[in-house]
Amino acid sequence: MKTSKCNSSIACGVILVAIILALPGRLPSQTSAAKSCGGNGTSPTDWSVQVNQVNSGNLDLAYSFQIAIYENLVEELNKTKQFKQVFRDGDRKASEVPNLLVLKTIVEKYTQGSETRRAVTTVSGATKLAVRSQLLTREGKVVLERTVNGDVRFFGSNLRATHNLARNIAKTIKQSSWSGRSVQGTAEVNRRKSHESKG
């Protein structure tokens, strides 16, 4: 009985020592990883984004499509966890946020599909959307610009294309190489120039 208690005490002691020895070795690497991600303390997740209303350009795009793209964009950007906060267009709280980017979406192509034709054949009837997405700083510097597509080729309503488009835009932003550090540097330079010109 005493032997088993003694053995379990020794085992607990060995485990405790192993944990203590393992932690200091891991913490510096975790710290350096965090530093390399954020650089000067600003990582992509320190940034917030404001989603502007969708611009239909010269196209005769139904207002319901513009609203659907916008609402899906807000939802999909929130899902990515890429930004600290996602603001809607016109939200006054956005002006108080230090690191803010603005997402502009301009529709460049739109092909109105047919739900009926899609149900009958997979060859025709697709609804297609192509937009130019721009991520800009407050000062108007373009950080990221991409043409993104969204469509619905098989079953589903025409508005399903707006969901696919928004998901593709959010995915493009998440997978892009824009870095919060480089944007922060540019914003800081612009602030200094503005301050110097006033002084």
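**Cavity and helix packing**

Tutor: Searching the whole structure gives one cavity of 30 Å³ or more. On a 1 Å grid over the protein atoms alone, a cavity is a set of points where a 1.4 Å probe fits but cannot get out. This is a predicted model: local features need pLDDT of at least 70, side-chain atom pairs count only at pLDDT 80 or more, and totals for chains, interfaces and linings use all residues. Residues are numbered from 1 along each chain as its sequence is written, and side-chain values use heavy atoms, with hydrogens and water left out.

Student: How much space lies in the largest cavity?
Tutor: About 50 Å³. A volume here is the space filled by probe spheres set on the points, with grid points joined across faces, edges and corners.

Student: Which residues line the largest cavity?
Tutor: Leu103, Ser133, Gln134, Leu135, Leu144, Arg146, Ile169, Thr172 and Ile173. Lining residues have an atom within 4 Å of a point.

Student: Which elements give two or more residues to that lining?
Tutor: Strand 4 (127-137), strand 5 (142-152) and helix 4. Helices (H or I, at least four residues) and strands (E, at least two) are DSSP runs, numbered from the N terminus.

Student: Switching topic. At what angle do helix 2 and helix 4 pack?
Tutor: About 40°, for residues 63-80 against 160-175, with axes 8 Å apart. Axes are lines fitted to C-alpha atoms, for helices over the stretch in contact, and angles run from 0 to 180 degrees between N-to-C directions.

Student: And what does Thr147 contact, beyond its neighbours within four places in sequence?
Tutor: Glu108, Val131 and Arg132. Contact means heavy atoms within 4.5 Å. Thr147 sits in strand 5. Its C-alpha is 9.5 Å from that of Val107, 40 residues away in sequence.

Definitions and conventions:
1 Å grid on protein atoms, 1.4 Å probe; cavity = no way out; pocket = protein on both sides within 12 Å on 5 of 7 lines; lining within 4 Å.
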